[in-house]
Amino acid sequence: MGDIQEHAPGAASFDTLEHKIVPIVFVPGVMGTRLFLDDGPNWDPDSAGFARWLVASRFDIVRRLNCDFPGFPLRDLSAKVIADLDARPILALHASTSIPPGTSTTRNEFFEKRGWGKVVWSFYDAILLSLEIGLNTDEKGSVLHPVFVHGYDWRTTNRDSGKDLHNTVKKILSEVKGAQQVIVVTHSMGGLVTRSALLDGMLDKVAGVVHTVQPSCGAAVAYRRFQTGANFILDSPQQGASLLDWIPAIGLSEIMGITPLDYAATQSGLRGPLELLPSNDYPDVFLRLELDGLATDNREISQGASSTRFSDLYDVYLLDQPPGLMHDISDLEDFLNTDVSKADLQRLRVNVEKARQFHQRFADPSKDNAHPRTFSVFGSTKRTDSSFDALSKDIILPLNRVTQDQDGDGTVPRASAEFRHARPKTTLLPSRPVEHAGCFQSTDFLNDVLGCVRRLIPFAKG
């Protein structure tokens, strides 16, 4: 358990939600927004049609996940959302008291406008329902803190998604009468989207931010999979998982690519996910390697102490062979056995360079890289990638080169989720034994998030 650190919120009273309108905006993580993709199956894990991804060729997966391929968030409420709305009369009351009299808007259209149809409901039902019901307890159905969702195309750069988030917040503040600022709650990569939006002018519209399991400076697993593929042994569900957890885990590994080359091809067009690679701000050693005949690690490279050939960690990523992310497929035999092309790897090279530029903005010492009122809520005790040993000569069994420990949520190490390099410092809550994608299935974790939002509401203008 981590120590509670009080830096950001100040000394205001946290015992009241106050009688002012403060919308809550939830920003999901990578792969958490349902996407319409023309000419084939949508990205919609809630639908039965999602199984078509499991039988698609690598060529088609790469083509469809390339963010140059048209796509946009779905808006319609899925059957899963409607069923949850039906099961909670309080939500119908919230809609009826918030829809102006005399309008023809239905309850479903009301929540559709809030963006609830944009996210994968099986991931995010618990957090949205918890925020909406937990923050609006008036028996008359008064909604002082309406919960909105910002769905976005997670394939594209987080800077573009951040600009879209800023537009969403401006639209909410223009339409919700009496609202002057919002509170943002993020999951995983949604934290990078939000922080980018804050750098691009959204700061004065936000009273505070609650980050959950944010890979603030990346995650070791995002690098490791380039060396091992989305390996099912390393990426298998946590101890105690049910069969229902194993099936989607196997399917997602197949989609991402179970070999290093297939994984590199899939990632090549995913600008947002490539920004989850560990950045130069990564506080711990996650990579040991040899450069210029000498053993070194990512921290020495980031600090410019190891080699005159490498200005930072991204120069390593751009190497044409391991420990770089690129692969040499010039051999004819390789071409005959893979759907991966030279164009895929060239696209990967370009987008890794763009990831470097994205993170350089956060590293600018002249600018804050966090909202002055920020909470970080995170998980621990789950088996999580911590380091990859490229010094090892065991190239036959690359799994032996991977170290996993219990200091993370299964995806994001605590070192990154704690947001240690935040300026100004964030407020850290004690860690919870939760899994990354399923963190909102924990009642304690949900209560932590609710508590943070309640503490931020008094700071909102109104």
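Because the model is predicted, local features need pLDDT of at least 70 and side-chain atom pairs count only at pLDDT 80 or more, while totals for chains, interfaces and linings use all residues. Residues are numbered from 1 along each chain as its sequence is written, and side-chain values use heavy atoms, with hydrogens and water left out.

**The open sheet**

Let's begin with the strands. Helices (H or I, at least four residues) and strands (E, at least two) are DSSP runs, numbered from the N terminus. Two strands pair if DSSP finds at least two bridges between them. Six strands make an open sheet in the order S4-S1-S5-S6-S9-S12, with parallel pairing. S4 and strand S12 (427-428) are at the edges with a single partner strand each, so one side of each has no neighbour in the sheet. Further in, S1 and S5 are joined in the parallel sense over 4 bridges, and Phe 26 has Val 185 in S5 as its bridge partner.

**A helix under cover**

Helix H7 (residues 190-202) spans only 15 Å between its end C-alpha atoms, whereas a straight helix of 13 residues would span 18 Å at 1.5 Å a residue; the expected span is 1.5 Å times one less than the number of residues. Is H7 enclosed or open? Of its 13 residues, 10 are buried, so H7 is largely enclosed by the rest of the structure. Here buried means under 20% relative accessible area, exposed over 50%, and partly exposed in between (1.4 Å probe, protein chains only). Among the buried residues are Gly 190, Gly 191, Arg 195 and Met 202. Their cover includes strand S1 (24-27), H6, strand S5 (182-187), strand S6 (206-212) and helix H16 (342-362), where contact means heavy atoms within 4.5 Å.

**A hairpin and its partner**

Strand S7 (residues 287-291) has a covered face of Leu 287, Leu 289 and Leu 291, and an uncovered one of Arg 288 and Glu 290. S7 pairs with strand S8 (residues 294-297) in the antiparallel sense over 4 bridges, and with S10 in the parallel sense over 2 bridges. Arg 288 has a partner on either strand: Asp 297 in S8 and Asp 389 in S10. S7 and S8 form a hairpin with 2 residues between them, and Asp 292 in the turn has a positive phi of about 55 degrees.

Most residues other than glycine have a negative phi, and most peptide bonds are trans. These exceptions are worth a look:

| Site | Value | Loop |
|---|---|---|
| Pro 322 to Pro 323, cis | omega near 10 degrees | Pro 323: between helix H14 (313-317) and helix H15 (332-336) |
| Arg 423 to Pro 424, cis | omega near -5 degrees | Pro 424: between helix H17 (414-417) and S12 |

Val 213 is buried, with a relative accessible area of 0%, whereas Thr 381 is partly exposed at 41%.

**The second largest pocket**

A pocket is an open set of points on a 1 Å grid over the protein atoms alone, where a 1.4 Å probe fits, with protein on both sides within 12 Å along at least five of seven lines; lining residues have an atom within 4 Å of a point. The second largest pocket holds about 980 Å³ of space. It is lined by 36 residues, and Lys 113, Arg 114, Phe 148, Glu 175 and Val 176 are the closest to its centre. H6 gives the largest share of the lining, 7 residues.

Conventions: Points joined across faces, edges and corners; volume = space filled by probe spheres on them.
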